[in-house]
Amino acid sequence: MTLSTPLYTSRLSIPYSPHSHLNTLDIHTPTTPSLSPSFHLLYIHGGAFRDPLVTSTSLNPSLPSLFANRHISAIVSLNYRLSPHPHHPSHPSRPDDKSRNAKWPDHIDDVRDAVRWLQEEGGGGRGGGGGGMKGKEWIVAGHSVGGTMALMLGMEPRSGDHGWGKETPMVGLRGVVGVEGIYDFVALRDAHAGMRGLYEAFTEGAFGAEEGGGWRRGDVLRCGRRVREDVDCVVVGHSREDELVEWQQAVSMMEVLRREANGTKFLVEVKGKHQEVVTGGVGIGVCVMKCVDGLVRGH
């Protein structure tokens with residue numbers, strides 16, 4: 001009998017902040033030593049800021065392809081508070097549930113809280129389970145609105161601008177990967193006339209009314225910020241088959257990124273519909289590996 005050794009071990013639902021029961025993360029570590037240079041990966045799930053069925057576990061199909069690259073030293077997939085979704089068909093939100101009544105910038109503040117925890121309390125000690133990021137180089141990746149927030153983490157803070165929440169140092173961040181990301185919410189709504197009401201509902205649920213300028217807080221495309229100086233590689237991944245987020249989002253984001261001199265930027269075409277890019281277990285891995293390869297070559 002031949003027994004195979006698992007590629008990784010996992011610790012699930014580790015709390016990183018007391019805000020709600022959704023403020024948890026999963027840490028996956030390889031069972032064999034990683035190669036040098038090595039990078040931790042932080043993953044941010046999508047779900048239109050509000051879908052309770054899209055969680056940190058959505059990355060699970062991609063774990064084998066990600067750990068096939070020996071330069072990945074740990075993978076952290078996190079949950080964060082969600083916007084209200086009172087009409088969800090199976091799991092409607094309740095007004096008294098603090099985990100599902102988030103308003104921007106609660107979502108990205110939670111992501112930053114997770115980064116702080118990984119770099120401080122969970123920074124490699126018992127709480128981090130080996131997935132802490134203290135003293136580590138790391139990559140942030142995200143799908144859909146997770147891709148939006150991944151790009152935001154990769155941007156320099158701007159003085160006096162609190163539209164993206166409480167800024168914090170991103171020590172060790174070297175790579176950024178946005179997959180099927182939304183970088184212009186107005187363009188997204190206007191490109192999908194048949195789903196206008198749905199798109200307005202989830203965007204207003206997170207950012208507030210468009211008329212009051214709330215949607216501009218989610219606009220990565222025209223934010224006027226530069227990529228952080230220490231970020232050496234940015235990957236924008238997208239599928240032409242995506243029925244929910246148009247290909248032009250990726251093209252427009254790349255046009256902005258390529259105006260900057262620092263680091264390398266790649267547009268990576270993946271296959272599948274919006275959720276298939278994640279559930280298929282391939283698309284996320286392809287984009288992250290492009291980033292890892294770029295960082296290894298430039299190390």
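Residues are numbered from 1 along each chain as its sequence is written, and side-chain values use heavy atoms, with hydrogens and water left out. Because the model is predicted, local features need pLDDT of at least 70 and side-chain atom pairs count only at pLDDT 80 or more, while totals for chains, interfaces and linings use all residues.

## The sheet

Helices (H or I, at least four residues) and strands (E, at least two) are DSSP runs, numbered from the N terminus. Two strands are taken as paired if DSSP finds at least two bridges between them. On this basis, eight strands form an open sheet of mixed pairing, in the order 1-2-4-3-5-6-7-8. Strand 1 (8–15) and strand 8 (264–270) are at the edges; each has a single partner strand, so one side of each is left without a neighbour in the sheet. On average, and with direction ignored, neighbouring strands of this sheet are turned by 15° against each other. Angles run from 0 to 180 degrees between N-to-C directions, and axes are lines fitted to C-alpha atoms, for helices over the stretch in contact.

| Strands | Sense | Bridges |
|---|---|---|
| Strand 1 and strand 2 | antiparallel | six bridges |
| Strand 2 and strand 4 | antiparallel | four bridges |
| Strand 3 and strand 4 | parallel | six bridges |
| Strand 3 and strand 5 | parallel | five bridges |
| Strand 7 and strand 8 | parallel | seven bridges |

R11 stands opposite I27 in strand 2, and the bridge partner of I27 in strand 4 is V76. V76 is also the bridge partner in strand 4 of L42, and L42 has V140 as its bridge partner in strand 5.

Burial is described by relative accessible area: buried means under 20%, exposed over 50%, and partly exposed in between (1.4 Å probe, protein chains only). In strand 2 (residues 24–30), six of the seven residues are buried. For strand 3 (39–44), six of the six residues are buried, so the strand is largely enclosed by the rest of the structure. In a regular strand the side chains alternate between the two faces of the sheet. Strand 3 has both faces covered, with F39, L41 and Y43 buried on one side and H40, L42 and I44 buried on the other.

Contact here means heavy atoms within 4.5 Å. Helix 3 (residues 145–153) lies across strand 3, strand 5 (138–143), strand 6 (173–179) and strand 7, and runs at about 150° to strand 5. Helix 6 (residues 247–257) packs on the sheet as well, touching strand 7 and strand 8, and its direction makes about 160° with that of strand 7.

Eight of the 11 residues of helix 6 are buried, so this helix is largely enclosed by the rest of the structure. Among the buried residues are W247, A250, M254 and L257. The cover over the buried residues of helix 6 includes helix 4 (185–191), strand 7 and strand 8.

The axes of helix 2 (residues 106–119) and helix 3 come within 11 Å and cross at roughly 60°. That makes helix 2 oblique to helix 3, where angles under 35 degrees count as roughly parallel, over 145 as roughly antiparallel, 65 to 115 as roughly perpendicular and the rest as oblique. In this contact, H107, I108, V111, R112 and V115 of helix 2 meet M149, M152 and L153 of helix 3. The contact residues divide into six nonpolar, one polar and one charged; Ala, Val, Leu, Ile, Met, Phe, Trp, Tyr, Cys and Pro count as nonpolar, Asp, Glu, Lys and Arg as charged, and the others, Gly among them, as polar.

The peptide bond from S36 to P37 is cis, with omega near 0°, and P37 is in the loop between strand 2 and strand 3. A cis peptide bond also joins W104 and P105, with omega about 15°; P105 belongs to the loop between strand 4 and helix 2.

S144, in the loop between strand 5 and helix 3, has a positive phi near 60°. At 5% relative accessibility, S144 counts as buried. A48, with phi near 55°, is in the loop between strand 3 and helix 1 (63–67).

H299 is in the segment after helix 8 (283–298) and counts as exposed at 58% relative accessibility. Leaving aside neighbours within four places in sequence, H299 is in contact with P37, F39 and E137.
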